[in-house]
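Visitor: Could you take me through one part of this model closely, strand by strand, and explain how that part sits among its neighbours?

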Amino acid sequence: MICNYKVYTSFKYTYKVITKLLLYYIVITFSVSGYALTFDSELIDGKLVYGQLADGEKLFVQNNYLNIGKNDKNLFEIHPDKQGRFILGIPQDKSELSVVIQKDNVKKEVSFPVSLRTWDEEFVTGLPPKKVSPNQQDNERIVSESLAMRQARQVSDFNNFPNAWQRPVLEFKRISSQFGSRRILNNVKKQGHSGTDYAAPIGTAITAPAPGKVVYIHPDMFLTGQTVMIDHGFGVFSSYSHMSSINVELNQNVNTGDLIGSIGQTGRATGPHLHFTITWYGVRVNPEDLF
Ligand SMILES: [Zn+2]
């Protein structure tokens with residue numbers, strides 16, 4: 001048995017080495033093929049990744065990738081800063097990233113392998129089907145409210161490249177729910193949790209995690225209560241839900257650490273917490289990766 005185990009572990013090791021070599025091979029082949037695009041980190045699902053384009057290169061994804069209500073396959077150009085740096089969000093559970101790179105007026109479709117993470121799952125069975133979904137009237141309100149937020153994410157600012165991030169709640173008690181965790185109700189996989197929940201007493205300060213501009217405010221959303229959204233530029237948006245007070249105005253510019261509002265329990269919340277999201281356009285990513 002011990003012998004078999006050793007064979008197994010050494011096989012696992014060999015497998016790891018082969019995978020690594022394969023990845024290097026892909027990266028090398030890729031640069032040999034005439035493009036110099038690079039990513040700063042490994043490509044992982046549910047992650048905001050930073051990258052670098054070479055002079056004269058342009059980068060695109062299809063409109064439907066962005067999850068902002070445009071479901072066609074037309075190409076959307078990813079706006080880099082003056083140094084060619086760009087940001088891109090990879091959706092949860094997506095094992096491949098397909099982009100189009102343009103150089104010398106020639107467009108080429110390229111796919112990168114994405115490593116999948118293991119996300120928390122909670123199985124709930126035996127629920128009456130009616131309890132799993134809200135009633136029609138509530139549902140219509142939820143849909144129209146989420147549409148308004150999606151539309152606000154269609155246009156981002158390209159003045160300041162968001163480089164450094166800090167948590168929006170500096171004095172939280174605990175993270176009560178991680179990004180990506182999901183409930184499996186009656187064997188139906190629900191979408192992963194769209195953000196991070198920071199539990200803290202009502203009134204705890206919520207501050208800006210990076211510079212940006214307030215692009216959406218709602219005093220009473222069905223699910224998220226008092227809600228604020230900030231555009232940090234280059235497609236990155238943050239949102240704040242269940243607040244008890246809001247200290248910013250629409251179109252206001254904020255700097256890192258500026259007061260946005262305070263923790264509450266408005267909307268559908270079982271206790272006081274901040275539900276905090278980071279999206280790249282409409283692609284949800286794990287905020288905790290940034291801190
Ligand atoms: Zn939440």
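**A strand and its partners**

Guide: In this predicted model, strand S12 (residues 196–199) and strand S20 are joined by four bridges and run antiparallel, and within this pairing Ala 199 has His 273 of S20 as its bridge partner. S20 also pairs with strand S16 (residues 236–243), again in the antiparallel sense, through six bridges, with Ser 239 standing opposite Thr 277 of S20.

A further antiparallel pairing, of three bridges, links S20 to strand S21 (residues 283–285), where Ile 278 has Val 285 as its bridge partner in S21. S20 and S21 form a hairpin with two residues between the strands, and in this hairpin Tyr 281 adopts a positive phi near 50 degrees.

As for burial, eight of the eight residues of S20 (residues 273–280) are buried, so the strand is largely enclosed by the rest of the structure. In a regular strand the side chains alternate between the two faces of the sheet. In S20, His 273, His 275, Thr 277 and Thr 279 point one way, while Leu 274, Phe 276, Ile 278 and Trp 280 point the other way, and all of these are buried.

On confidence, the mean pLDDT of the protein chain is 87, and 86% of its residues reach 70 or more, although over residues 1–15 the pLDDT stays under 50. Where pLDDT is low, the predicted coordinates should not be read in detail.

Technical notes:
Residues are numbered from 1 along each chain as its sequence is written. This is a predicted model: local features need pLDDT of at least 70, side-chain atom pairs count only at pLDDT 80 or more; totals for chains, interfaces and linings use all residues. pLDDT is the predictor's confidence in each residue, from 0 to 100. Two residues are in contact if their C-beta atoms, placed from the backbone, lie within 7 Å. A residue is buried if 20 or more other C-beta atoms lie within 10 Å of its own, exposed if 12 or fewer, and partly exposed in between; C-beta atoms are placed from the backbone. Two strands pair if DSSP finds at least two bridges between them.
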